[in-house]
Amino acid sequence: MEIKTDILVLGSGIAGLYATMHLAKYANVVLITKKAKTDSNTNYAQGGIASVFADNDSYESHIQDTLVAGAGLCDRASVEILVNEGPEHIKELIRIGTRFTMKENGLALAKEGGHSFSRIVHAQDLTGREVERALIEHVSKLSNVTILENHLAIDLITEHNIKKLKDRPIDSRHCWGAYVLDITESKVLKIISKATVISTGGLGQVYQHTTNPSIATGDGFAIAFRAGATLGNMEFIQFHPTSLYQGGNSEGEEQAFLISEAVRGFGGILRTIDGERFMSRYDSRLELAPRDIVARAIDSELKKRGDEFVYLDVTNKSAEAIKDHFPNIYTKCLSRGIDITKEMIPVVPAAHYACGGIVVDHHGKTSLTGLFASGEVTMTGVHGANRLASNSLLEALVFSARAAQGVATYLQNVEKHPTEIPDWDDSGTLSADEKVLISHSQKELKQLMWDYVGIVRSNLRLDFASRRISNLYQEVEDFYKKTKVFPSLLELRNLITCSHLIVKSGLMRTENRGLHYSLDYVNARQAEPPVNTILRNTYQKS
Ligand SMILES: Cc1cc2nc3c(=O)[nH]c(=O)nc-3n(C[C@H](O)[C@H](O)[C@H](O)COP(=O)(O)OP(=O)(O)OC[C@H]3O[C@@H](n4cnc5c(N)ncnc54)[C@H](O)[C@@H]3O)c2cc1C
């Protein structure tokens with residue numbers, strides 16, 4: 001089956017929906033999403049969106065805070081765009097019906113780690129859910145937008161799918177849409193588009209412990225890499241310092257519950273199991289030090305003491321204030337038997353955010369003609385080696401709107417599609433009845449990535465991981481070639497590719513910078529000037 005459209009958008013998080021809202025002003029859009037519309041990282045974002053609204057705040061201060069967090073690798077021009085254009089997009093969200101928390105004279109603004117001023121626009125502690133609700137309501141009413149749920153993008157359509165074009169050099173490749181698995185019907189369709197926007201979010205599911213939901217299997221990174229697009233800085237994975245400890249039975253749980261940064265901003269204190277406040281040993285900013293420092297400090301305390309968790313303590317605050325600021329966290333912890341107004345919260349770090357991704361320019365353009373990208377899957381240059389809290393929803397807004405402008409310009413001169421794009425060919429493949437191979441390999445991969453490619457790395461650990469990932473890659477590729485495709489197989493394939501990209505980039509970085517911390521470079525000098533790690537698949541086939 002075939003669908004033709006002006007623009008194909010992959011993903012229904014904040015990036016895909018906001019891009020669609022802008023794209024629909026001038027073209028037809030088909031938006032596909034692999035589960036239900038609301039299944040996204042966006043839906044779980046608690047803290048909020050950083051933006052300059054306070055009278056005592058300034059754009060320059062937000063820019064400086066972002067550059068400091070990025071540890072020398074931010075692109076200043078991208079950061080300026082992010083900060084300067086942010087407020088207009090918050091206002092746009094309000095215009096379409098997003099209900100942010102207000103106070104008498106305007107938006108209520110929270111403070112988070114690494115920010116010099118209170119600038120976090122939020123909807124209590126369920127900001128992402130509220131933004132997702134408003135965007136879905138808005139986009140669902142647009143008559144030229146078709147949303148297809150339970151449709152999973154497998155691979156992009158480029159020259160390599162077309163016999164007579166497949167030997168064209170990788171540098172001149174075009175994207176003409178994607179092969180997509182209709183999960184309900186178990187059929188693969190081709191969706192042919194003039195332009196394609198990848199907004200498939202993050203890859204936290206690469207790791208055993210993650211705050212990301214099950215959709216975050218890094219599909220967009222892997223799809224783009226296989227098609228020949230350029231990716232960068234994949235080693236910079238942010239580990240959130242505080243996810244709710246799951247009582248030693250975390251195996252099998254796909255997503256750890258996040259205890260937001262805002263809880264530390266509110267005055268939460270980190271303590272060892274025997275009650276000692278320990279952050280003064282690591283950073284003068286104490287609990288408000290940037291995430292990587294706090295995550296490493298917790299990791300170090302856990303390894304040193306052999307404990308399984310540390311405590312986050314807000315019992316010094318009034319019960320009313322806690323319930324008022326963090327109703328979601330309060331209820332969730334209560335459901336696990338912890339009353340956070342009276343008891344300390346057991347927490348551990350968890351994989352949270354990918355700072356690198358598909359390299360895009362200031363208008364979402366990737367290295368492939370006709371392929372655009374926005375949101376967590378991209379490397380826009382705003383995060384550098386470490387993301388400042390609450391800058392990712394902002395990045396998704398600002399650069400998705402800009403990607404829509406980039407697509408508009410591109411469509412003015414779009415080349416014609418080749419007419420002979422072939423159907424998906426799965427002749428000779430069998431239906432799989434060996435799903436245990438998938439679940440076993442996935443478990444092995446996640447554990448391997450957690451143990452060897454986690455918060456603290458070394459070349460030995462990365463080399464070991466690399467060899468094991470190559471074996472897994474071979475095993476799963478063999479299986480993939482023999483089998484009719486199904487979601488968990490496609491996702492595992494993508495997780496393996498993402499793991500390879502993280503490890504390879506990690507090995508390329510011979511210094512400690514931002515989120516990449518290796519025991520081999522503790523006393524090494526940092527590269528001057530700082531460099532991005534750039535990866536591109538130079539194979540001609542996918
Ligand atoms: C628990 C948590 C709390 C957070 N809190 C904050 C915060 O307070 N502030 C902040 O700025 N950031 C926060 N973040 C980060 C932020 O939420 C994400 O970076 C952001 O939501 C990413 O948006 P996105 O649209 O790029 O991706 P997502 O919201 O993840 O959306 C991706 C979409 O793509 C779809 N998809 C994926 N693969 C495919 C495929 N192969 N085919 C079709 N569809 C596909 C998914 O189903 C989903 O609809 C948080 C993240 C988490 C997990």
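This report describes the domains, ligand shell, sheets, helix packing and backbone features of a predicted model.

**Domains**

The domain assignment divides the protein chain into three parts: domain 1 covers 2–236 + 355–412, domain 2 covers 243–352 and domain 3 covers 435–536. The centres of domain 2 and domain 3, taken over C-alpha atoms, are separated by 28 Å. Contact between these two domains involves 5 residues of domain 2 and 5 residues of domain 3. On the side of domain 2 that touches domain 3, the largest share comes from helix H7 (residues 291–305), with 4 residues. That side of domain 2 is made up of 2 nonpolar and 3 charged residues, with no polar ones.

**The shell around the ligand**

The ligand is surrounded by 43 residues, and the closest are Gly 11, Gly 13, Gly 47, Gly 201 and Gly 375. By class, this shell holds 15 nonpolar, 23 polar and 5 charged residues. At least two residues of the shell are supplied by each of helix H1 (14–23), helix H4 (127–140), strand E9 (151–156) and helix H10 (391–412). Helix H10 gives the most to the shell, namely 4 residues.

**Packing of helices H3 and H10**

Helix H10 also packs against helix H3 (residues 76–95), at an angle of about 85° and with the two axes 9 Å apart. H3 and H10 are therefore roughly perpendicular to each other. On the H3 side, the contact is made by Ile 81, Leu 82, Glu 85, Gly 86 and His 89. On the H10 side, Asn 391, Leu 394, Glu 395, Leu 397, Val 398 and Ala 401 take part. Taken by class, the residues of this contact are 6 nonpolar, 3 polar and 2 charged.

Within it, E14 is joined to strand E15 (residues 310–313) by 3 bridges. In this pair, Arg 271 stands opposite Tyr 311 of E15.

Another open sheet of 4 strands has the order E19-E17-E12-E20, with mixed pairing. Its edge strands are strand E19 (378–379) and E20, each of which pairs on one side only. Strand E12 (residues 230–232) pairs with E20 in the antiparallel sense. The bridge partner of Thr 230 in E20 is Arg 536.

**Strand E11 and its partners**

Strand E11 (residues 187–198) pairs with strand E1 (residues 2–10), with strand E10 (residues 177–182) and with strand E18 (residues 371–373). The table sets out these pairings.

| Pair | Sense | Bridges |
|---|---|---|
| E1 and E11 | parallel | 8 bridges |
| E10 and E11 | antiparallel | 6 bridges |
| E11 and E18 | parallel | 3 bridges |

Individual residues show how these strands line up. Ile 3 stands opposite Ile 191 in E11, and Gly 177 has Ile 192 of E11 as its bridge partner. Ile 198, in turn, stands opposite Ala 373 in E18. Strands E10 and E11 form a hairpin with 4 residues between the strands, and in this hairpin Ser 186 takes a positive phi near 55°.

**Backbone features**

Most residues other than glycine have a negative phi, and most peptide bonds are trans. Against that background, Asn 150 has a positive phi of about 55° although it is not a glycine. Asn 150 is found in the loop between strand E8 (145–148) and E9. Strand E9 is among the elements that supply at least two residues of the shell around the ligand.

The peptide bond from Glu 528 to Pro 529 is cis, with omega near 0°. Pro 529 is found in the loop between helix H13 (487–508) and strand E20 (534–536). Strand E20 is the strand joined to E12 by 3 bridges.

Note on methods:
Residues are numbered from 1 along each chain as its sequence is written. This is a predicted model: local features need pLDDT of at least 70, side-chain atom pairs count only at pLDDT 80 or more; totals for chains, interfaces and linings use all residues. Two strands pair if DSSP finds at least two bridges between them. A residue is near a molecule or strand if its C-beta atom, placed from the backbone, lies within 6 Å of it. Ala, Val, Leu, Ile, Met, Phe, Trp, Tyr, Cys and Pro count as nonpolar, Asp, Glu, Lys and Arg as charged, and the others, Gly among them, as polar. Domain bounds come from an automatic or database domain assignment. Two residues are in contact if their C-beta atoms, placed from the backbone, lie within 7 Å. Axes are lines fitted to C-alpha atoms, for helices over the stretch in contact, and angles run from 0 to 180 degrees between N-to-C directions. Angles under 35 degrees count as roughly parallel, over 145 as roughly antiparallel, 65 to 115 as roughly perpendicular and the rest as oblique.
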